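Hi everyone, thanks for coming. Have a look at the screen, and I'll walk you through a few spots.

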Amino acid sequence: MKEVEIFKEIDLNEAKGKMKFAIIKEPYGAESKPVVSISVNLEDKEEAWKVHIPLSQVKEVRSILKEIRADYKQHKKEKKQECEQKSKKVKKRSQNEAKN
């Protein structure tokens, strides 16, 4: 039988709702290993989605999430720089056209 213990709830930053973290003992039947369950509830509705992470892999998942975040930040920074360079080129072209 599943035994669920809500560990923590946090408000979502990007939308109205909550993210809930729980530990589920025997999630897939007798003698199955415990998992961390992460669910997202939007605007006090039932779960929009849920993921189960085996407790034995929490560190590995955490490491991957950190890597994803770092890659995203780097990509965002590169895109910003690319846009700034394009903007400078357009501005320079406009100034040259204004001189002529």
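I'll talk about a serine, a charged pair and a glutamate.

Before that, some ground rules: this is a predicted model, so to speak of local features we need pLDDT of at least 70, side-chain atom pairs count only at pLDDT 80 or more, and totals for chains, interfaces and linings use all residues. Numbering starts from 1 along each chain as its sequence is written, and side-chain values use heavy atoms, with hydrogens and water left out.

Okay, Ser32. You'll find Ser32 in the loop between strand E2 (17-25) and strand E3 (35-42); strands here are DSSP runs of at least two residues, numbered from the N terminus. Is Ser32 buried or exposed? Buried, because its relative accessibility is 18%, and the cut-offs are under 20% for buried, over 50% for exposed and partly exposed in between, with a 1.4 Å probe and protein chains only. Its side chain reaches the backbone nitrogen of Tyr28 at 3.0 Å. Setting aside residues up to four places away in sequence, Ser32 touches Glu26 and Pro27, where contact means heavy atoms within 4.5 Å.

Next, the charged pair. How many salt bridges does the structure hold? One, counting a side-chain nitrogen of Lys or Arg within 4 Å of a carboxyl oxygen of Asp or Glu. The partners are Asp11 and Lys18, with the closest N and O atoms 2.6 Å apart. Lys18 is partly exposed, at 29% relative accessible area.

Last one: Glu47, in strand E4 (residues 47-54). Glu47 is partly exposed too, at 42%. Beyond its neighbours within four places in sequence, Glu47 is in contact with Ser39, Val40 and Asn41. As for Lys91, Glu47 sits 44 residues from it in sequence and 49 Å away in space, C-alpha to C-alpha.

Terms used
Helices (H or I, at least four residues) and strands (E, at least two) are DSSP runs, numbered from the N terminus. A polar contact is a pair of N or O atoms within 3.5 Å; within protein, one must be able to donate a hydrogen and the other to accept it, and residues adjacent in sequence count only if both atoms are side-chain atoms.
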